[in-house]
Amino acid sequence: MTFDSYQVREEKQEYLPQSYKHSEVKIDTGKEIVAEELLRSLPSQKLMLPLWSVGIPGKTFRTVKPIAVRIYFDEDLFFAENDTLLLYGTGISPEEAIKDLGGHIIHFYEYYRKLDRSQVAGDAIRLKRVYENLLSEE
Amino acid sequence: MPETKDIYSNSPLVEIVFEIRFPGEPRIECSRDIFYENIRRDFPDVLVPSIKAGGFPALEPYRFESTDKKSGMRIAINKFAYYVREYKGYAQFKKDVLKWVSDFGQVYRIRKLNRSGLRYINIIPFSRESGLIPVNRFLKVRMDLPEVFPKNFENLSLVFISKTGGGAITTKIESIISIDQSHEAILLDFDYAKDKDLSISSVEEYIEESHAHTKRVFEELITDEYRSFLKGEVV
């Protein structure tokens, strides 16, 4: 569906009545550069995107700080991963992978909030601290 | 205007280019090796242009690139461009531009310029929300359209040229998809150009003006929530 919308845009931009020509509104400096090629060759750090809200049916949370998500494609699935929370979601599109990740984030947010500090050890201490200030209900 | 640092830790900047154009100088074609000797140590990789049918070979730039591909030059009979893909801040970029432009101008005795251009290419990865591009989370893009138009976009392509005091800035805001279709992003592309009575001896003035205006436009265009992501205020 997404790719189709780019093809439609390309077709619409190409169409022009024969008696007209396109105006020259274009980027002229370094005109040899192809943005899509730059996007393909970006290192993973540059492909990080912010997540400002997460939701499950009936509940939506706003993130207190943006959650940095790395998207990648492997073995026919998209992955959405956050290194701080040590979580990832999967899906057949980036949007679905993020939705899946959001579900996991909400699960662990509620899980860690219910736990008493005396019940956590090791890295769970850090995670409990992170989750406590992670979301606010909309 | 919001307070800003020179470089954001999550900066979307992927390439910055400064380019000068001048009346065609055949010496550049005939003695390409002379300038190459000056830059061989920093930019040893030579990339020859491919020419499309009906194209003009002399106008297609040769590329001289560093081995790590993080910076380089594009040189043709009527233009010289210096580009960087790992931006270390404006001060460093300007210093490099002035050095290379000066060297180039001396070797080929370039004085008069037809055009100067400073281009900042930003790529902002995003994920769709309910199938739509969440452009307003990143950029303050408002179109004053009648109510009948939904304010959310499935696809986006805007290019406009704005006149400034000393030149013109072309702004392109467009959704793009990687060739393998694995990532989508908003392309935020700025090209600040000057094109009247220019001289190579005033390049510093041109780059200063171009940078100052473009930086102001960028800072005014991004939303506060996106700015906090750029600053690295993230989980």
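The following conversation concerns a predicted model and covers a helix pair, a glycine and a chain interface.

Reader: At what angle do the axes of helix 2 and helix 3 of chain B cross?

Author: The axes of helix 2 (residues 32-39) and helix 3 (residues 90-108) of chain B cross at roughly 150° and come within 10 Å. Because angles over 145 degrees count as roughly antiparallel, helix 2 of chain B is roughly antiparallel to helix 3 of chain B.

Reader: Is that crossing of helix 2 and helix 3 of chain B left-handed or right-handed, and which residues make the contact?

Author: The crossing of these two helices of chain B is right-handed. Helix 2 of chain B contributes Ile34(B), Phe35(B) and Asn38(B), while helix 3 of chain B contributes Asp103(B), Phe104(B) and Val107(B). By class, the contact has 4 nonpolar, 1 polar and 1 charged residues.

Reader: Turning to Gly24(B), where does it lie?

Author: Gly24(B) is in the loop between strand 1 (13-21) and helix 1 (26-30) of chain B. With 14 other C-beta atoms within 10 Å, Gly24(B) is partly exposed.

Reader: Which residues is Gly24(B) in contact with, leaving aside its neighbours within four places in sequence?

Author: Those residues are Ile77(B) and Asn78(B).

Reader: And the interface: how many residues of chain A are in contact with chain B?

Author: On the side of chain A there are 37 residues, in contact with 47 residues of chain B. Strand 2 of chain A gives the largest share of the chain A side, 6 residues.

Reader: What is the make-up by class of the side of chain A that touches chain B?

Author: That side of chain A has 24 nonpolar, 5 polar and 8 charged residues.

Notes. Residues numbered from 1 in each chain as written. Chains lettered and ligands numbered in written order. Predicted model: local features only at pLDDT ≥ 70, side-chain atom pairs only at ≥ 80, totals over all residues. Axes fitted to C-alpha atoms, helices over the stretch in contact; angles between N-to-C directions. Helix = DSSP H or I, 4+ residues; strand = E, 2+ residues; numbered from the N terminus. Parallel < 35°, antiparallel > 145°, perpendicular 65-115°, else oblique. Left-handed = near helix turned anticlockwise from the far one by under 90°. Contact = placed C-beta atoms within 7 Å. Nonpolar A, V, L, I, M, F, W, Y, C, P; charged D, E, K, R; others polar. Buried ≥ 20, exposed ≤ 12 C-beta atoms within 10 Å, placed from the backbone.
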